[in-house]
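This report covers selected side-chain contacts and aromatic rings. Please view the sequence and structure below before reading on.

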Amino acid sequence: MKYLSLLLISALILNSCGKDKTASTATVIASNDLELIRQKKAELDTKSQEISEQLKQLEKSIKALDPQSKIPLITTFAAKTSVFEHYVELQGGVDTKQNLVIYPEYSGLLTRVYVKEGQRVHKGQTLAKIDDGGLSQQVAQLKIQADLARTTFERQKRLWDQKIGSEIQFLQAKSSYEAQEQAVNQLEQQIGKTIVRAPFSGTIDDVITEQGSVVAPGQSQLFRLINLDDMYIETDVPERYIADIVTGKTVKVNFPVLGRTIDAKVRQAGNFINPANRTFKAEIALPKTKDASIKPNLTAKLKINDYTNPKAILIPQSIISENAEGQQYVYTVTDKDGTTGKAKRTIITTGKTQGDAIEIVSGIANGDEIIEEGARSVKDGQAVKVITQG
């Protein structure tokens, strides 16, 4: 009986659902009739599509009738003054004025070399000795003759002071003595050229000619002597910067190989423009350092400060537009009330650039609110709404 009662109840529910298409979703689900549930789902899907289309029509109508929905959303930033430093990017090489290849002044056999590579030497120090080819013996003989000429001259002078003898004898003795002295001095100067000395203090970078070689003036390279205490960087500067890059300008020196950047200054700007490439020379003094990694001929990238504005207004180049007359302009926000205002086209004059930033010479004042995002989509006089960037 209980089973029969359940069958009767189910039949009644199904019968009522089949007759009433407005049955609730809960009632349909309780029926456990798959076909009925599918019919209800199809009915609701159709209604859902109808409602979605109606909502779209309503939203479209609201946008057409509501003026607030037509206001474009923008972001702004306030113009403010800051220090602007413009740099000219160039390339140069490290050099030193005390980088010298030493040649002999006398021909002969290189009998002694007193230094080795990497050795620190001081000015005037003996570096090598060249065989004098018998000049020392000649000097000894000349000195003997000079001593005799000096003795003869001194005796003749004493006689002449006593009014004894003739004047010509006195003058001949004096002339002979002076000639012998000059001959000795001249030969000693020649012997002095057989000794190779350091012209300045520095380091022996290379011993080019070994001991025992025959050398000749102006032909045989003996040593390379370098002093790294006063290094500098030399670069070629385009002539258009001749009025801007002068002595004392700040320079940022980067050594790509070393991965280092140091601050320096221009110590000399050339006065001659090379007609071949229209450039002039500039020297940048390197500060003295114990870092031995900076060497002559090392490549350096230079950023030389050619212009500084202590109260510059900088804006991104990407927000600048240009009209048919070639004038540049940006949009600012005026008549602002809360978050809404009006876009105003402002003609500007620009100056130098550095990266993505550009200097504003005229048209924008400190504190002006400039449109950034949305600058390309607004029009002059159009109402805009400023959104806050989070």
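## Threonine 332 and its surroundings

In this predicted model, the side chains of threonine 332 and threonine 346 are joined by a polar contact of 3.2 Å. Threonine 332 belongs to strand 18, which covers residues 328-337. Threonine 332 counts as buried because its relative accessibility is 6%, and the cut-off for buried is under 20%.

Apart from residues up to four places away in sequence, threonine 332 touches Lys342, Ala343, Lys344, Thr346, Ile364, Glu369, Ile370 and Ile371. Thr346 in this list is also the partner in the polar contact.

## Glutamate 85 in strand 3

Glutamate 85 is a residue of strand 3. With a relative accessibility of 36%, glutamate 85 counts as partly exposed. The side chain of glutamate 85 makes a polar contact of 2.8 Å with that of tyrosine 87.

Which residues does glutamate 85 contact, leaving aside its neighbours within four places in sequence? They are Asn305, Tyr307, Thr308 and Gln354. The C-alpha atom of glutamate 85 is separated by 6.6 Å from that of asparagine 309, although the two residues are 224 apart along the chain.

## Aromatic pairs

A pair of aromatic rings is described by the distance of the centres and the angle of the planes. There are three aromatic pairs in the structure. One of them is formed by phenylalanine 84 and tyrosine 307 and is edge-to-face, with 6.2 Å centre to centre and 65° between the planes. This pair links distant parts of the chain, 223 residues apart: phenylalanine 84 is in strand 3 (residues 81-96) and tyrosine 307 in strand 16 (residues 299-316). Phenylalanine 84 is buried, at 4% relative accessibility, whereas tyrosine 307 has a relative accessible area of 25% and is partly exposed.

Another pair consists of phenylalanine 153 and tyrosine 177, which are stacked at 5.7 Å centre to centre with 5° between the planes. Phenylalanine 153 is in helix 4 (residues 135-161) and tyrosine 177 in helix 5 (residues 167-192), so this pair ties together parts that are 24 residues apart in sequence. Both phenylalanine 153 and tyrosine 177 are buried.

## Lysines over tyrosine rings

Where does lysine 352 lie relative to tyrosine 307? Lysine 352 is over the face of tyrosine 307, at 5.7 Å from the ring centre. Tyrosine 307 is also the ring paired with phenylalanine 84 and a contact of glutamate 85.

Lysine 303 lies over the face of tyrosine 87, at 5.7 Å from the ring centre. Tyrosine 87 is also the polar partner of glutamate 85.

Note on methods
Residues numbered from 1 in each chain as written. Predicted model: local features only at pLDDT ≥ 70, side-chain atom pairs only at ≥ 80, totals over all residues. Heavy atoms only, no water. Phe/Tyr/Trp six-rings, centres within 6.5 Å; stacked < 30°, edge-to-face > 60°. Helix = DSSP H or I, 4+ residues; strand = E, 2+ residues; numbered from the N terminus. Buried < 20%, exposed > 50% of the residue type's maximum accessible area, 1.4 Å probe, protein only. Lys NZ or Arg CZ within 6 Å of the ring centre and 35° of its normal. Polar contact = N/O pair within 3.5 Å; in protein donor to acceptor, adjacent residues only side chain to side chain. Contact = heavy atoms within 4.5 Å.
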